[in-house]
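Here is a short report on a single chain.

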Amino acid sequence: MMSPILLILACGFVSVETQLRNATGEFRLYNDIIWNNNPYERPVYNKSETITVEFDFHLHTVSRYIESQQQLLCTGWFVVTWSDQFLTWNSEMYDGVEFIRPPDSYIWIPDLVVSSSFQQLDRLGGDFVSLKLFSNGHIQWMPGDLFYLPCSVDVELYPFDSLKCSMDLVVWSHSVTEVDLEPRQSRAGVSSSTIRGQWSLTSAPIISLKKHSDNKTLSTVKITLILERLPTNFVFNFILPVMILSLLGTFVFLIPADSGEKVSFAITIPLSYGVYMGFLTNMVPQSSEGVSTFIIFLGITLSLSALFVILSIFSVRISARSNSRPVPKAFQRITVWVEHVKSCGRQKKSHPNHISVDTEQSDDCEAKEHTQVMTWKRVSKALDLFFFWVLCIPLLIAIPVLLLSIAFF
């Protein structure tokens, strides 16, 4: 059992400790100006005076971009400052205390809302965000959050497009004559930001606006995040395979019609396009404002592959016709011309410096071509070669031009 003397000493120690704590400047400061402050009153003595709220925005991370919904997920924080005329003190009277961190429930805070977010409209800040109050009444507040921002994108340039994602910061319940929101910088802070995925941040301008709502003018600031897509992954995974497929489809005309593999090879190409289009369904932005140039290119190549199938079936049917059936003169002229270009072109390569020899051999070629029997297999081979020249050569020219335009423009 504790003796009376020890009990008296313990009580005296607690009493002295409590008195010392109550005597600290910060404790007295909270009792004098914080606990009795009204957080719902604008902190100006002259109610016609405007409170200027200044801020900086710092982008922390860009998590991801949802293509189908055109939403950007990013995190960031604001550094918001203003002056409270009610909360000032002489630091010499409070043991030299220059600043304190009071709970935000006892301090007037401007009700800043990100009105353009896809989330529920709510005031910035939270219980974990503390204030820093200085002796001259200057307040610093640093709220942060995860933002779902709407974005506008020119889908015609996809995947070489750029995003413009906007964040509208509004003083929700006060007019511009009561609270004026002003940015300290013309651009957001991005030096410590982390951009994930296939995007690169190019700029983040900040402009001040005035928004009219319910017969009053609200102070609004628009923060725009401009990001460019990094298309390297898309080029190697989609554009190059599609170009290779489009070029590979023309080689179906080099397969002999009687091999039995001509039509099956031709059908394989549009099936491959179908697989790629299935992957692209959820990747391309869904917008009614335009169509991606790449989607148009994919549609053209898909149409060409369908044309390859039709021409292959036509070539197989031509080759299988009976020779008792006469060959029309139009097919005869095309066959003779293709064979003439093919055979005489080879002879010119073998004798490039002998013009007289070439002339004689050219005459021999024409005579030989006219004396040969015109069969449907011969017509089929000539048509296949003609289709290969007509379709493959333009693709061989168009694909490098397209790749160069992608690389340099």
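## Overall fold

Among contacts in the chain between residues at least 6 apart in sequence, what percentage join residues at least 24 apart? The share is 74%, where contact means heavy atoms within 4.5 Å.

The model is predicted: local features need pLDDT of at least 70, side-chain atom pairs count only at pLDDT 80 or more, and totals for chains, interfaces and linings use all residues. Residues are numbered from 1 along each chain as its sequence is written, and side-chain values use heavy atoms, leaving out hydrogens and water.

Eight helices and 13 strands make up the secondary structure. These are DSSP runs, numbered from the N terminus: helices are H or I with at least four residues, strands E with at least two.

## Surface and burial

The chain has 409 residues, and 39% of them are buried. Buried means under 20% relative accessible area, with a 1.4 Å probe and protein chains only.

## Cysteines

The structure has one disulfide, meaning a pair of cysteine sulfur atoms within 2.5 Å. Cys151 and Cys165 form it, with sulfur atoms 2.0 Å apart. Cys151 sits in strand S7 (residues 144-153) and Cys165 in strand S8 (residues 162-171), so the bond ties parts 14 residues apart in sequence. The S-S torsion is about 105°, so the disulfide is right-handed.

Cys151 is buried at 9% relative accessible area. Cys165 is buried at 0%. Cys74 is also buried, at 0%.

How values were computed. Buried < 20%, exposed > 50% of the residue type's maximum accessible area, 1.4 Å probe, protein only.
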